[in-house]
Amino acid sequence: GASDYFPIGLGRVLPGTLYNAHAAMTMDHGWSPVTATPWIEALTGALLSAFGAIVGLGMESRKGWRWVLAALLCWIGLTCFLFFNSEFWLPPTIPTLACLGAYFTAIGIHFGIIHISGTVFSQ
């Protein structure tokens with residue numbers, strides 16, 4: 001494996017010698033992160049997307065955006081804290097995208113309802 005190359009994402013490649021050195025250090029120091037189960041990832045994604053949808057439907061867009069941004073920063077901070085302190089890896093990407101997608105969808109529905117009701121009732 002010394003002459004192999006391992007893709008590690010974002011177009012980067014890790015040489016086999018460095019890969020083997022990292023593997024040996026991991027085994028030597030006993031550091032191996034534990035990944036979350038898929039149902040925990042799904043639950044966190046559902047909770048954050050529900051939060052984004054509720055904020056998107058119930059608040060003004062500027063205030064709602066601040067709440068969503070604060071919640072996402074807390075979420076990303078929590079995942080980093082868990083990873084560095086207890087070696088628990090909870091991927092932050094899917095719940096973050098779910099929250100943003102639900103928020104922007106709810107904003108679109110909210111503004112669509114306001115626009116439709118404003119044009120129907122104004123005539």
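Me: Why is Cys74 called exposed?
Reply: Cys74 has a relative accessible area of 57%. Exposed means over 50%, buried under 20% and partly exposed in between (1.4 Å probe, protein chains only), so Cys74 is exposed. This is a predicted model, in which local features need pLDDT of at least 70, side-chain atom pairs count only at pLDDT 80 or more, and totals for chains, interfaces and linings use all residues. Residues are numbered from 1 along each chain as its sequence is written, and side-chain values use heavy atoms, with hydrogens and water left out.

Me: What makes Cys99 count as buried?
Reply: Its relative accessibility is 0%, so Cys99 is buried.

Me: How many disulfides does a search of the whole structure find?
Reply: The search finds 0 disulfides, a disulfide being a pair of cysteine sulfur atoms within 2.5 Å.

Me: Which residues make up the largest nonpolar core?
Reply: The core has 10 residues: Ala36, Leu48, Val55, Val68, Leu72, Trp75, Leu90, Cys99, Tyr103 and Ile107. Helix H2 (38-58), helix H3 (61-86) and helix H4 (93-121) each give two or more residues to this core. A nonpolar core is a set of buried Ala, Val, Leu, Ile, Met, Phe, Trp, Tyr and Cys residues joined through side-chain atoms within 4.5 Å. Helices (H or I, at least four residues) are DSSP runs, numbered from the N terminus.

Me: Why is Phe104 called partly exposed?
Reply: Phe104, in helix H4, has a relative accessible area of 48%, so Phe104 is partly exposed.
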